[in-house]
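Biologist: Could you walk me through how the helices pack in this model, and where it leaves space inside?

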Amino acid sequence: MTRPAGTAEPLTAGAADPRAALHRLRAEVAKAVVGQDAVVTGLVIALLCRGHVLLEGVPGVAKTLLIRTVATALDLRSKRVQFTPDLMPGDVTGSLIFDPHTAAFTFREGPVFTNLLLADEINRTPPKTQSALLEVMEERQVSVEGDRRPLPDPFIVAATQNPIEYEGTYPLPEAQLDRFLLKLTVPLPTRDEELGVLRAHHAGFDPRDLTAAGVRPVATAADLAAARAAVGRVHMAEPLFGYIVDLCRATRSTPALELGASPRGATALLTTAKAWAWLAGRDHVVPDDVKAVARPTLRHRLRLRPEVELEGVSVDAVLDTVLATVPTPR
């Protein structure tokens, strides 16, 4: 996924323009994070669609810094949870604590009560704790002793996992993977980008002090709310509904896959395509918008057949074949 066409430079319109505010986000994030423009765009799309993101990348590519910087630039609260084998569900959602002074139980909020939750190395915690996130991600609430406690709005989970180290991990079940709107690959920097990282650290950049790096809020929750309303008004022509359905149905019948995209995947592709079109400055979706977001929206919802995986075929390669064979509406 690359940036929408025509948005190479940050817009300079006033704060009343939510699209301009979100485009300025890229320049602000670049003060602390070199590169990763596509991942920033994916995070913005997730916020616009009220969806969650699975970030996959090797250690040391600034996944945590990226989330903290995006939250700061959007004036949102963020919290980080390091997922470990001994992490309990209450450590994530919160729990009832007995207060000896009042002889009553009070609820102590967990780290999920924030706007942007970084679930670091989510696949290192057992299924019992992973399942604590299912209600949080789907219902945006925490239920304790029959009481439902809504989470702040906006709220998204940005979970990370290491693609190369699987010892001591617990693979996410399909039901949980399907709750992520996008799966974004965080690549290693190019040579020039890595040189930029070294120069920044040599000049005194401290990733723990974003204020000193000059990162400031350039958009707010109000901008996001206005942007969501605008995305909801983006027009989708009837043939594009059929195109999205045909793409998803093609994944269910391709011989390389034992699990194709669910109807939830089709609705996710609809919403991300509308957000992509809006960020590109259009009030309607074109087929290229669907193609641009198809891989990050669908890749984690598909499962390769074991014999195909042994041959070194990737899910993205199968998606490329599907996108090339399903007729594009004119």
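Biologist: Is the crossing of H1 and H2 left-handed or right-handed?

Modeller: This is a predicted model, where local features need pLDDT of at least 70, side-chain atom pairs count only at pLDDT 80 or more, and totals for chains, interfaces and linings use all residues. Residues are numbered from 1 along each chain as its sequence is written, and side-chain values use heavy atoms, with hydrogens and water left out. Helices (H or I, at least four residues) and strands (E, at least two) are DSSP runs numbered from the N terminus, and a crossing is left-handed if the near helix is turned anticlockwise from the far one by less than a right angle, right-handed if clockwise. For H1 and H2 the crossing comes out as right-handed.

Biologist: Which word describes how H1 lies to H2?

Modeller: Axes are lines fitted to C-alpha atoms, for helices over the stretch in contact, and angles run from 0 to 180 degrees between N-to-C directions. Under 35 degrees counts as roughly parallel, over 145 as roughly antiparallel, 65 to 115 as roughly perpendicular and the rest as oblique. The axes of H1 and H2 are 10 Å apart, at an angle of about 140°. H1 and H2 are therefore oblique.

Biologist: How many residues in the contact of H1 with H2 are charged?

Modeller: Leu-22, Leu-25, Arg-26 and Val-29 of H1 touch Asp-37, Val-40, Thr-41, Val-44 and Leu-48 of H2, where contact means heavy atoms within 4.5 Å. Ala, Val, Leu, Ile, Met, Phe, Trp, Tyr, Cys and Pro count as nonpolar, Asp, Glu, Lys and Arg as charged, and the others, Gly among them, as polar. That sorts this contact into six nonpolar residues, one polar and, as the charged share, two.

Biologist: Which helix gives the largest share of the lining of the largest cavity?

Modeller: On a 1 Å grid over the protein atoms alone, a cavity is a set of points where a 1.4 Å probe fits but cannot get out, and lining residues have an atom within 4 Å of a point. There is one cavity of 30 Å³ or more, and the largest holds about 50 Å³, a volume being the space filled by probe spheres set on points joined across faces, edges and corners. Leu-22, His-23, Leu-25, Arg-26, Val-40, Thr-41, Val-44 and Leu-279 line it, with helix H1 (18–29) and helix H2 (37–49) each giving two or more of them. The largest share, four residues, comes from H1.

Biologist: Is the crossing where H1 passes H9 left-handed or right-handed?

Modeller: The axes of H1 and H9 (residues 221–232) come within 9 Å and cross at roughly 120°, and these two helices are therefore oblique to each other. Pro-18, Ala-21 and Leu-22 of H1 meet Asp-223, Leu-224, Ala-226 and Ala-227 of H9, a set with six nonpolar residues, no polar and one charged. The crossing of H1 with H9 is left-handed.

Biologist: And how is H10 oriented to H12?

Modeller: H10 (residues 238–253) and H12 (residues 287–298) have axes 11 Å apart and an angle of about 30°. By that angle, H10 and H12 are therefore roughly parallel.

Biologist: Which helix supplies the largest share of the lining of the second largest pocket?

Modeller: A pocket is an open set of points with protein on both sides within 12 Å along at least five of seven lines. Helices H3 (63–73) and H8 (191–202) each supply at least two lining residues. The largest share, five residues, is that of H8.
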